Each structure stands twice: as C-alpha cells, then as structure tokens.
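The report takes each in turn, from placement to contacts.

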Protein chains: 2
Amino acid sequence: MRIELNEFAPLKNVKVTDEFWGKYTDIARNVIIPYQWQAINDLVPDTEPSHAIKNFKIAAGEEEGEFHGYVFQDSDVAKWLEAVSYSLTIEKNEELEKTADEVIDLIGRAQREDGYLDTYYLVGDKGNEFTNLLDCHEMYCAGHMAEAAAAYYEATGKRKLLDIVCRFLDLIESRVGKEEGKIHGYSGHPELELALVRVYKATGEEKYLKFCEYLIDERGTEPYYFDEELKQRGYKNHWGGEQKTADRFYNQSYKPFREQTEAVGHSVRAGYLYTGAAALAAETGDESLLKACETLWDNATTKQMYVTGGFGSTVYGEAFSFDYQLPNDISYTETCAAISFAFFAQKMLRTDVNSKYSDVLERILYNGSISGMALDGKHFFYTNPLETWEEANKRAPGYRHNKTKRPGWFGCACCPPNLARLITSLGNYIYSSDDKCVYMHLYIGSEAEVKLSDKKIKISQKTQMPWGGKSEITLSGGKYAFAFRIPAWAGSADVKINGESADYELKKGYAYIEREWCDGDVIEIELPMEVQMIEANPNVRYDAGKVALQRGPVVYCIESADNGERLSSIKLKDEPEFRAVREDLLFEGEVSIYAKAVKKKAWETEDLYRAFTAGYDEIEIKAIPYAFWANREDTREMEVWIRR
Amino acid sequence: MRIELNEFAPLKNVKVTDEFWGKYTDIARNVIIPYQWQAINDLVPDTEPSHAIKNFKIAAGEEEGEFHGYVFQDSDVAKWLEAVSYSLTIEKNEELEKTADEVIDLIGRAQREDGYLDTYYLVGDKGNEFTNLLDCHEMYCAGHMAEAAAAYYEATGKRKLLDIVCRFLDLIESRVGKEEGKIHGYSGHPELELALVRVYKATGEEKYLKFCEYLIDERGTEPYYFDEELKQRGYKNHWGGEQKTADRFYNQSYKPFREQTEAVGHSVRAGYLYTGAAALAAETGDESLLKACETLWDNATTKQMYVTGGFGSTVYGEAFSFDYQLPNDISYTETCAAISFAFFAQKMLRTDVNSKYSDVLERILYNGSISGMALDGKHFFYTNPLETWEEANKRAPGYRHNKTKRPGWFGCACCPPNLARLITSLGNYIYSSDDKCVYMHLYIGSEAEVKLSDKKIKISQKTQMPWGGKSEITLSGGKYAFAFRIPAWAGSADVKINGESADYELKKGYAYIEREWCDGDVIEIELPMEVQMIEANPNVRYDAGKVALQRGPVVYCIESADNGERLSSIKLKDEPEFRAVREDLLFEGEVSIYAKAVKKKAWETEDLYRAFTAGYDEIEIKAIPYAFWANREDTREMEVWIRR
C-alpha cells in the first residue's frame, strides 16, 4: 500500500491570528525570548548563571574561563535561536535579527577548524569527543543546533548557521556510522534524528536522511553499542561512577527500533526518538518504520498518556512505566515530554490524516504543555502532576519533584525554551495538504496559504475555540477537497457552507468536503461545547470512581484557591448541573465550570479512623482550566480527577 | 501528679492457651526458630549465606575468614537467642537449650579481653570501634545482645550471657557519656536504650538506667554529635561517600528528645527509641519524659498510622513522612516498625492504663505485624502495603519494595526474628497489675498469675477472639479490682459475673469492677462482632470515598484471588448486606466477609479515556483477614480500602 504523504504548510505561509494562542505567542515573543536571552547571558538576578553564551566565547578564544553548566548547555543557545527564528517569521525585528546574527557569528568563531562544535568538549572535556555518546548529549546538542540552523534559514534565508551546522554534521557522520573504522554508535539522548530530517529538507542533501536512518536502525542492535562504549571507557560513567551496562530501557535501545512495541524509558528521549523516526518515514514512506512508529504511538497514547496529554509516570528516570500505570500525584509528566509528543503527532499526521494524532496534539496543546508556564511567562513547571498537595510536595520524599508554585527558571532549562519554540511555530501544525486535498487539523484562528498540485489555496480561519464551539473558514476557489477534524470530544459537528447545511464524508475522524469552491466560500463549523465527564479505562487503577471535567479541548481541574483544602473530600453529585461561565478570571475569555457536589465535613475529633458515618456539606465547586492552575498565591492543592 | 505504674506479669507467669495465637506460637517455635538457626549457620539452600555465626567463630579465633554481612549481622544471633529464651519459657527443650548454651559459649569466646563484643569491629573494621555510631549499628547490636541476655536469664536463670553483656555495656559506658574525655555520642539506630532498662531489671544495677537516660537526653543536643563524628572521620560515611551532615530527622535527633513532638524518620528507629524512653519513664516515673512519649505516641498513632497498625509512609529512609500522608500502594509499613510500636504500646500501658495504647497494640498484633509472615512460617514480607498491584511492583519504580509474594528469607533479616520474639513473648502483653488492680489488656486465651501488693491472683481466660466476641475469665478470690479493656471497635460490652449482668466503671477505655471476688468467679464478656465499615479522617487524602472492613480487631482486605483483577473497579453498595462466614479457608476458625458490590465492566474498546457511562456488574465480594493475604498462588492484587 502506498503511503500518501501530505505536507504541512510552512510557518511563513501561516499567520496565527487566534485570540487564545495570540496571547501565548505574545508571551513567548515578548517575555520568554528576551528572558531566555538574559538567562543564557547570565543577566537574570538571583539565579545561577547559565554560562551558555560564555562557553561559546571561551571556545572562540575571546574570553578566559572554564566550561560551566550541563553537558547540554549549548542547546539552550540553540533553542533560543530556534524560537527567535520563528518569532522573526511571525514578524520582522531588525534588532533581534542582528542579535541572532551576532550569536551565529560567535558560534562560527567557536567552531573548531575540523567542524567540531560542542563547547562541553571544546572547552571542558577536551579531546574526548565521541567517547561518551551515552551520557554526554553530544548528538543532542548537535541536533538542537541543526534545528536552529534550519529554522533560521527558513526564517531569514541566511545560510551561515546552516553551513556551520552542516560542517559539524559532516564531521559527526565521518566519525559515526555503519562503515568499518567508524564508531557504531548513536545518540544517548535522541534529537539529532529529527533534526537531520529538517536539515535534509533545508538543504536537499540526502546524506542527512541516510545518516538519520543509520542512527535509528543501529539503535538497540547487537553487539550493543553503549556497553561497548562503557567498556572502552573502563566502565566509568560521566559522573565518575562505575557502570557495567547501560539502561537499555531508559534510552529506548532495548530492541532494534523497528521491533519496539512499548513506549519505555525517559519520556522526552522517547518522544524525540519517535519524532525522528516518524519524520524519516514521512519523507521516505518507509512502511515498516511507519508501522513501528504507529505501534509506539498507540501504546503511548492509548495506554500511557495522562488525560492532560502528559507523558511519564515516574520520577525515576523521568520515565514511562507500563500500560495503565498512571498515578496522578507522583506523576512526572514533564513539560518537554508533552511537547515532544506534539512533534511526534505532527509527523504522524503527514503519513496518515487520522484524528487519533490530531486529537492528542490538541490535548497536549491546550493542557499538558502550556500548563508548564505561568501566565506571566516567567515561571515554569518542569513537571505537571494531575493532583497535588503542597505539604506532600514539601515533606514526602517521592513527591518533591512536583510543586504548587512554578519556579523562576531552571538550572536545567529545557522546558521554557521548548515551550517558546512550540508556541512560536504553532502555525506549522494547523494545515497540511497533498495534491488534491487541504487538511485542517486544528481549530486555531489563522490566515494561511497551502499548496495543492496545481494551485495555492488561501484559508482564513476564525474560531471561538477553545471557549466557544463556532468556527468560520473562508476558502479561495477551485476544485479540491477540504478536510477538517471532528474532535473525538465533539463526536459530531454542525456544518454549513455559505449558510446552508452541508454534508461531509467522515474518514478517520476527518470530515471531507470535495467540490468546486468559489472564492470566499464560507464553512461554518459548530462543535458541541457541553461540559463532559471523562472517565479513564478501568485498567487505570488510580482514576477509579473519578471523572475529569472537559469542555471542548480544555481539561479542567479544581484548586484549593476556589474550593478549600482537602479536595479529595469533594464528590460530584449524580446530577452535577454543570454551569460553564465566562469569567475572564486569569485569561481573557476563560470559562469556569461550576458543579454541584458534596464535601465530607471535617471531623470534630482527632481520631484517625472511626466507623463510617455520613456527614457532607452541599457545595458548588468551581473548576478552572488545568493549564491555568497555580497562577494564584493560595494554591495548596489541585486535582484533575474528581470523585463521582 | 504521681504516675501510677503497673507491671506486666512476667512471661513465665502467663501461659498462652489461645487457639489463634497458639498456631502462631507453634509456627514461631517449630518453624521460624529452627529455620533461623539454619539461616544464621548458612544452611539454607539457595540463599545468600548469613555468616552470622561464622563471624563469631572468626572473632573467637576458631575459624579463618573475613567478616561478612551487614554491620548489624550480630543482631541476628541475638534475636535468635532472645526468641529461643521465650520458647524455653513456654516449654523446656533440653536440646535447644544446649544449642543456645553453645552459642553463648561461642559469644563468650569471641568477646575481647576488655569486654568489646561486635564482630563487625572484632573481625572486620578492626580498631575502629566507637568511631561511627551514626552508621555502624554498634549500640544496636549491643542492645539486641543485651535483650537476649536478659531474656535468657529470665528463662533459664543462667547468668553467663548476662555477664558477657554487662562487661560489654560497662565498656561502652566507659567510652561514651557526658563526662569529659568520653565520646558524647548516642545510637545511630536506637535499641540499646530499651535493652538497658531490661538489663537494669535483670540485674538491679541502676547504672544501666542512668546510661539509658544519658543516651536519650544527649540525643539531638548541641553541639550535634553526629556532625562532630562526621568531621572526625573526615566527612566520610560508612559506604565511602562524602557526607557533610547527618540526617537529623532520619534518626530522630532533630531536637532533644523531650522537645520532640512529631514522629519522624526511619520508623523502626523511631519505634525503638520511643520504646526505650517509655521503658525508662515506666521505671522512673519521669513525668516530662513520659509527656514527650505520649505526645509522640499520639502523633504517630492518630496522624501517621495505617489502619492495619502499619507505620512508615515512604520507602525513602523507610520512614514516617508527615501527618495524614498515608499512601496505600507505595507505603513502606515495615513489619519491624509495627512490632516496635507494639513494644512502645506495652511500655506506655505501664504508665497509664488507657485503651489508646492497648487498642493500637491489638491492631498491630492481629494485622500489620503478622501480615509479615506467610502461614507456612517460612516466607516473610519486609513491607506490608495496604494496596498492591503485582505488575506495578515489578515494573514501576517507587513500588518495587512492595511484593505480592513473600520471599523466603532476607539478606537483611530483621523482620522474621523480630516476629518470632514478639509472638513467643506474647504472654508478656496480656496482663499487668499494680497494688490493688489487675488489668487485662488483650483478649488472648491464657492462664496467668499476677501479683497485687498482698496477694497473687490466678486468672484463666478463654476467648473466641478474634473470630467470636465471647470471652470467659475465671478469677481467684480476694478483694481487688479487675479491669479489662473495652475495645474502641466494640464501643461497649455485655458483661456478666457468674451469669448475672454486672455493672462496671469505665475509665480510659477500661471497665473496672472492684469487689470481693470468690475463687472461681466467672466474668463473661461479650463484645459485638458486627462487620464495620471504617473510614479514615478526611485529612487522609488517599482514603477518601473508601472504607476498610473490620470485624472485631481484624482488618480485612480483598484479593484478586477471590474477586478478580482491577480491584479498584469494585465499589460497595450503599447497603452491602455483610455476611460474616466461618470458612477455615487459610486458618482454622477464619471468618470471611461477603458483601454486595458493583464492579465496573471492562471496556470493549482500547480507549484510554471516554465520556462517562455507567456499566457495572452486580457482584458479591469476598474479603479475607489482611494478615492472611498473599497466601495463595494467584494473588496479583490486594486492597484494604474499598470504594464505597
């Protein structure tokens, strides 16, 4: 069976005009990017210096000093450049572009003559490059720099960083590969794989696609590379400890990639690896690779995903555990893991227009990704639990990775710039097309131009989402099919064309309308926006007897700030009489949900256990969007899954 | 206020004739003690050798070799000797006594000329004694040996081990203490404190009481001893790591003992320390010490105790966490921690006849202590969770300390011998007396003689407990008060004397009847044995919306072996129509509980989340005593707290 590939409209052809996402884009462009610039230049007061720019200056011989930071410190500079690229695509900014050019010049000066470019090895552990792919994120940093290079080239047409990166990639490829004499290794932390596909698309050079394929297919083969590498290093790991063998699950090398069937290990590594494989398959149409990707997608999203679009059940290894093991209070659910699955979803959508991908993409976007950021754009969660109790986070070991207040910035600063690059490139997730059909995957207000085989189509989308169910799409003329997603949460849609009810053909969750369109034809889509009680598969022990509230794509939570403490004592009534009320509380347009519930009365005695007696107060609870939790001072408890 | 102290009838004056406990005593005497003997002599096949006896032989110069095992390996020999002592008290056994005498002779030969006696330092880390009280369990091992010595002396009248131990204690006391030139230290793992009180009682030597008082009062003072010790050792801990400061919470030295108000840290350390302090207070009547003990008791048992009488919410440090933080599936609840609180309860009962102590003692005995042992007496749980899911225990980090099958024996073999010594000394927990009153704390079939100021009273107790509510106490004559506990779970009792309804005065949970008793007077006590639904304080987030089933003192659980998997999908009906049925399933006399419930149907789709729909099967669940769980092959899930 031939795989029909479609292509997302490039960012420069899509202008996001959405009210909801416009605010996030503004935050990303006006707050996160400048803040991140300060951070990588060690200008944020009361915060440990990042040293990221300084490492490059030292590598370039322009400053004295030693390497500081994580082995992946370079990636902070790369992610900043990537986000800047998207920001420049959205809107020109000469000053910002000049700053970016200067950083790129610096990177160029830091690059070694042979093309090598990783300040950890240029300044820090000199001469030991390519000896510790397991721990030292060399390929990970190269990948981020490559993504930045491709993005900056797409944004500005300037090739300098792309050329720098290509020289580095060529060096890596000359040292690592299947051929005799090369290191038969691959990335300890995937990222380069997906970046190679981007560089291929930017340069047209097939060697980058081939190298990507090598990295994916070499992974998990025998003899097992990481154990060989440990042996070479005298069984010493990066932290000076003795280590006999690598954790094959942690870094997804427990089997050759095409044989893997379960999402395992470090969830960000997993998401990046799967994205790289899917990106490759989406270029090559490689069916067995695509099959593996789909199997892993299905496992991750139908067995191991939180209702918020979070991934990673355990703090140990920041990792997946196994099917249906989804504890809410000790979950890890790293912001970056959610983001990595948004990347994965987009790649899968290129190979199969199936709402199982875009529904999850939407779930991640409105919930488990942006929950990582405070609405001031300056405070960030690394982990996003679905239930939290401040005192436990402070005092119970095993809970301490979860917080009720977003800290300012991190030593390990992966999540904020990852959010920045996702949000500023959101235009790249909305529309795709193949020869004869335009696909609309997300309800996000935007103006776009997409390419069919013989023409370009202009699309204008206005939408009330996520707070209201109405969207209005205006199209330019021609004979083609227009397909839009009917979200699983909606089940159906009321569709009109130019004010008249219209039929559609439903395939894999998408409504297809094929006709001769006239310029200015308007499709009105109305999705039902009732408050829904969502239940989890009974195999998820942790959610038994509980429901999550969802309205449209937005998952809700209850906070102690609105509902008092002991949220676990709250139980929805059989008829909760939901009221969805626009309140503009924390965010313009924000809709709160009110529901009838009972709350167990506090005991008057100090007993710990007693014979059961009823004793409830009738209350009305107020739920707010999960993404907005912990934006008020008095947040001491939060829960998504409410007893029913 | 003068504290009125009562004294428990010594073991030799109480013969346990109880059906329920008789079985456990038989297991302890006929299975655990011989098995433990094999273990400490490295005779158990397929198990890592204990090396415990061998370490003594090497110390005695009778074998070649190196020290092997934990730093506290000696305590396994001591605990065996202690259990043997109780066993010999219960019933003479010349062969066993001969074996014990030989072990004691060996210990004597292993003792250094100056009295020093810890094979870890005699054979292993030579010359470094008293340099690492923090990590190396030196005082802990001395304490266990001292307990064994006192017990063996009480059982046999033989002083040899007691003399050996006293020489060692005198050496310790000459090196550690308040005086200048001495080490101002105390135990990293408490145990010596409670043992010193026992040695004082066996020898009458007040110096042991004084040393106990020093150890308790020095704890947590400034300058902080353990930090001084770390400094002395160049900030190296026992495992070779660098360590700047000791964890003051882990070992309960965060404040001077008398100022401590919260049970914290390693729960076995806590239980032993509190027991030692209570034992001291129960000898001296020291009010401020007693007050501290009561405060800690109240905190531990009314804020941090599981309904099974388990203690220790977290695997990190095998420790308490904080008030009401009682997760059921990741709890630690070490068998030894429950046992240590049984010790603590008994000491507190000497100072205050209050059912808040004896109710917890009973809860521990019937539930969270014996759950540590399989009914074959050969398999043991280290930890006793209240909810378990085999796959999570195998695959989810953070859950792996909990198991659904009891392993055979442990490298760190603290729990089995601890159970053996508790069970074989159970006679020492039932009756106490002061000048004018006999107290019956537990409903356990027994024949006893207790001492009042002017006479000895004979008591014969027959009881149906824990399966039935009727007990019959026959007393010998005289004018005195007889007081027996009305358990909190009963609320009241139907009491008859010689067949006639009798009144009693209720004080602190005990029914007092004072009169001129005639020889052979019979008190019949009937306690209600309805199945109770127990609820937890609403501050315990983890138990919200759930109940535990209890009948008499026995807490029940449901197992997948009876109720299928996905126990979380089970919900009791509003009217569960409980049926308590004697079934003799795993244990003679065992009563199962049946209840009407519903169980969420499995989904027919692979979805992870969907809009809520009802869909339940009407079922009858079967609950078994928690103590007996995991005694069948097909135990894959268990839960105590059931949704209601």
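The notes below cover the basis of the model, then one histidine and one glutamine.

## Basis

This is a predicted model: local features need pLDDT of at least 70, side-chain atom pairs count only at pLDDT 80 or more, and totals for chains, interfaces and linings use all residues. Residues are numbered from 1 along each chain as its sequence is written, chains are lettered from A and ligands numbered from 1 in the order in which they are written, and side-chain values use heavy atoms, with hydrogens and water left out.

## A:His401

A:His401 sits in the loop between helix 15 (390–395) and helix 16 (415–424) of chain A. Helices here are DSSP runs of H or I, at least four residues, numbered from the N terminus. A:His401 counts as buried because its relative accessibility is 16%; buried means under 20% relative accessible area (1.4 Å probe, protein chains only).

Beyond its neighbours within four places in sequence, A:His401 is in contact with A:Val315, A:Ile330, A:Ser331, A:Tyr332 and A:Thr383. Contact means heavy atoms within 4.5 Å. A polar atom of the A:His401 side chain lies 3.2 Å from the backbone oxygen of A:Ile330. A:Leu419 is 18 residues away along the chain, and its C-alpha atom is 19 Å from that of A:His401.

## A:Gln260

A:Gln260 lies in the loop between helix 10 (225–232) and helix 11 (267–284) of chain A. A:Gln260 is buried, because its relative accessible area is 1%.

The A:Gln260 side chain reaches two backbone oxygens: that of A:Gln252 at 2.9 Å, and that of A:Lys255 at 2.9 Å. Not counting residues up to four places away in sequence, A:Gln260 touches A:Gln252, A:Ser253, A:Tyr254, A:Lys255, A:Thr295 and A:Leu296.

Note on methods
Helix = DSSP H or I, 4+ residues; strand = E, 2+ residues; numbered from the N terminus. Buried < 20%, exposed > 50% of the residue type's maximum accessible area, 1.4 Å probe, protein only. Polar contact = N/O pair within 3.5 Å; in protein donor to acceptor, adjacent residues only side chain to side chain.
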